[in-house]
Amino acid sequence: MTISTLLLSPNWRLLTCLSRVPSPRLLHSSLPAPGPPGALPNCFGHHCTKRVLLSDGFRRTLCVQATLKDHTEGLSDKEQRFVDRLYTGLVQGQRACLAEAITLVESTHTRKRELAQVLLQRVLAHQREQELRNQGKPLTFRVGLSGPPGAGKSTFIECFGKMLTEQGHRLSVLAVDPSSCTSGGSLLGDKTRMIELSRDMNAYIRPSPTSGTLGGVTRTTNEAIVLCEGGGYDIILIETVGVGQSEFAVADMVDMFVLLLPPAGGDELQGIKRGIIEMADLVVITKSDGDLVVPARRIQAEYVSALKLLRRRSEVWRPKVIRISARSGEGITEMWDTMREFQHQMLASGELTAKRQTQHKVWMWNLIQENVLEHFKTHPSIREQIPLMEREVLTGALSPGRAADLLLKAFKSRH
C-alpha cells in the first residue's frame with residue numbers, strides 16, 4: 001500500500017490544516033492545487049476551501065482538501081437520502097438521529113464505515129462554520145473522567161449532570177464499559193446508575209463497549225464526540241472504564257482530563273507511579289462524607305504533594321486537588337467553578353485551540369494505524385501465510401520477531 005493510497009481512504013477526509021497567513025480580511029474561495037503557502041499540498045486533484053479569520057491577533061487558514069461534493073460521490077440515491085436524513089435530524093437536535101448516527105460510526109461493516117465518514121465530514125464542516133462565527137473558539141467543553149473501579153464515577157455524573165442541566169446546559173455522557181475477554185460482551189450498566197439523569201431531556205447518555213480497544217475508550221469515541229457536538233450538546237463527558245496505571249487515551253480526546261479517586265486509594269508514591277496522574281488537569285477525591293472525610297483530607301494532602309514533583313503540561317494551569325461528595329452535593333459547585341476557570345484560562349492563552357488541533361492529528365494517525373493493520377491482515381497473499389507463520393512460532397521453528405519480519409518483507413515485495 002502506498003502513501004497515496006492511504007491518503008485517498010475515507011479517513012483522509014478528516015484531515016484539516018490550520019496555518020497562519022498574512023491576509024487581513026475574511027476570505028472564502030475554492031482554489032485548485034497547489035494551495036497558498038502554509039496549506040497542504042493538493043497532490044490528489046481535490047479542491048481547497050480557504051477561510052481566513054482574524055482571531056486573537058492571528059490570522060488562520062482552514063484548508064480542507066476535499067469538498068463535500070467529493071465525499072458524496074459514489075453514493076446511491078438511497079444512501080444519499082439516508083445520510084441527509086441523519087445529518088438533518090442531528091443538527092436539529094433529534095436524539096433518535098444522534099443515536100442512529102453513533103451506531104453507524106460504531107459499525108465494522110465496510111460500506112457503513114464509508115457512509116459514517118461522509119456523515120462525519122458534513123458534521124465537521126457544520127461545526128467549523130459555527131466556530132468561525134465564534135471567532136474560531138470552540139463552542140463546547142469536552143471533559144474526560146477516569147478513575148479506578150469503585151471511585152464513584154457514575155454516581156458523580158448523576159449529581160454533576162443534574163446540576164448542569166438545571167443551569168441550562170445540554171449534556172452528553174459517553175460511558176465506556178469494558179468488554180469480556182472471553183465472551184466479547186459488555187454489561188453496559190452505567191446508564192442504570194444514572195436514573196434521574198437518563199430521564200432528563202437535556203441530557204443524553206450513550207453506553208458503548210470497548211470491544212477490545214485499549215486505553216479505556218472505544219475505537220469510535222472521537223467520532224461520537226463530534227456527533228454529540230453536532231447534535232447541540234455543549235458539554236461532553238466521557239466516562240472511561242475503571243483504569244489502572246496506563247489507561248488514559250481519553251486525554252488525547254478532551255479539553256480537560258479529570259481523575260476521580262476514592263479515599264484510601266494509595267499514598268503520594270502511588271500518585272507518582274501512575275502515568276495517569278501526569279495527564280490529570282484536576283484530581284478529585286470522591287466520597288468525602290461521613291467517616292471518610294478524614295481519609296479524604298489525608299489523600300488530598302498527599303496528592304497535592306505528589307503533583308508538586310511532576311512536570312507541568314500547561315503554561316497557564318497548575319493541576320488542583322479537591323474533595324467532593326456526590327451523596328451530599330458538597331464540593332460539586334466548587335468543582336464546576338474550577339473547571340470553568342480551567343476552560344477560560346486555556347481559551348485565553350490559546351492552548352485549548354492548539355490542543356484540539358494536536359488531538360485531530362492524533363486521531364488521524366490512530367485511524368491510519370488501524371486501517372493499515374487491517375489491510376495487512378486481510379491482504380490475500382499475507383492472509384494465507386499468517387496461519388503458517390503462527391504454527392512456526394508455536395513450534396519454536398521461528399521466533400515471533402523473525403516471523404513478523406518475513407511477513408512484512410512479503411507484504412513489501414507485493415507493493
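Are tryptophan 317 and phenylalanine 342 buried or exposed? Both residues are buried, and this tour returns to them below. The model on display is a predicted one.

**The whole chain**

The secondary structure comprises 15 helices and eleven strands. The chain has 415 residues, of which 48% count as buried. Among contacts with a separation of 6 or more, 73% are between residues 24 or more positions apart.

Select phenylalanine 156 and phenylalanine 160 and display their side chains. The ring centres are 5.0 Å apart and the planes meet at 15°, so this pair is stacked. Planes under 30 degrees apart count as stacked. Both residues belong to helix α6, residues 153-166, and because they are four residues apart there, about one helical turn separates them. Phenylalanine 156 is buried, with a relative accessible area of 1%. Phenylalanine 160 is likewise counted as buried, at 1% relative accessibility.

**Tryptophan 317 and phenylalanine 342**

Next, select the two residues of the opening question. Tryptophan 317 and phenylalanine 342 make an edge-to-face aromatic pair, with 5.3 Å from centre to centre and 85° between the planes. This pair links distant parts of the chain, its members being 25 residues apart. Tryptophan 317 is found in the loop between α11 (293-308) and β11 (320-323), whereas phenylalanine 342 is in helix α12, residues 332-349.

**Arginines over rings**

Two further selections show an arginine above an aromatic ring. Select arginine 122 together with tyrosine 87: the arginine lies over the face of the tyrosine, 4.2 Å from the ring centre. Then select arginine 170 and tyrosine 233, where the arginine lies over the ring face at 4.2 Å from the centre.

**The largest cavity**

The structure contains six cavities of 30 Å³ or more. The largest of the cavities has a volume of about 120 Å³. To locate this cavity, select Ala280, Arg311, Arg312, Arg313 and Pro319, which are the closest to its centre among the 13 residues lining it. How many residues of this lining are nonpolar, polar or charged? The lining divides into six nonpolar residues, one polar residue and six charged residues.

**Glutamine 127**

Move to helix α5, residues 110-133, and select glutamine 127 within it. Glutamine 127 is buried, with a relative accessible area of 13%; the limit for a buried residue is under 20%.

**Glutamate 390**

The last stop is helix α14, residues 380-395, which contains glutamate 390. Glutamate 390 counts as partly exposed, at 48% relative accessibility. Finally, select alanine 403 as well and show the C-alpha atoms of both residues. Glutamate 390 and alanine 403 are 13 residues apart along the chain, and their C-alpha atoms are separated by 8.0 Å.

Terms used
Residues are numbered from 1 along each chain as its sequence is written. This is a predicted model: local features need pLDDT of at least 70, side-chain atom pairs count only at pLDDT 80 or more; totals for chains, interfaces and linings use all residues. Side-chain values use heavy atoms; hydrogens and water are left out. Rings of Phe, Tyr and Trp (its six-membered ring) pair if their centres lie within 6.5 Å; planes under 30 degrees apart count as stacked, over 60 as edge-to-face and the rest as tilted. Helices (H or I, at least four residues) and strands (E, at least two) are DSSP runs, numbered from the N terminus. Buried means under 20% relative accessible area, exposed over 50%, partly exposed in between (1.4 Å probe, protein chains only). A charge sits over a ring if NZ of Lys or CZ of Arg is within 6 Å of the ring centre and within 35 degrees of the ring normal. On a 1 Å grid over the protein atoms alone, a cavity is a set of points where a 1.4 Å probe fits but cannot get out, and a pocket is an open set with protein on both sides within 12 Å along at least five of seven lines; lining residues have an atom within 4 Å of a point. Grid points are joined across faces, edges and corners, and a volume is the space filled by probe spheres set on the points. Ala, Val, Leu, Ile, Met, Phe, Trp, Tyr, Cys and Pro count as nonpolar, Asp, Glu, Lys and Arg as charged, and the others, Gly among them, as polar. Contact means heavy atoms within 4.5 Å.
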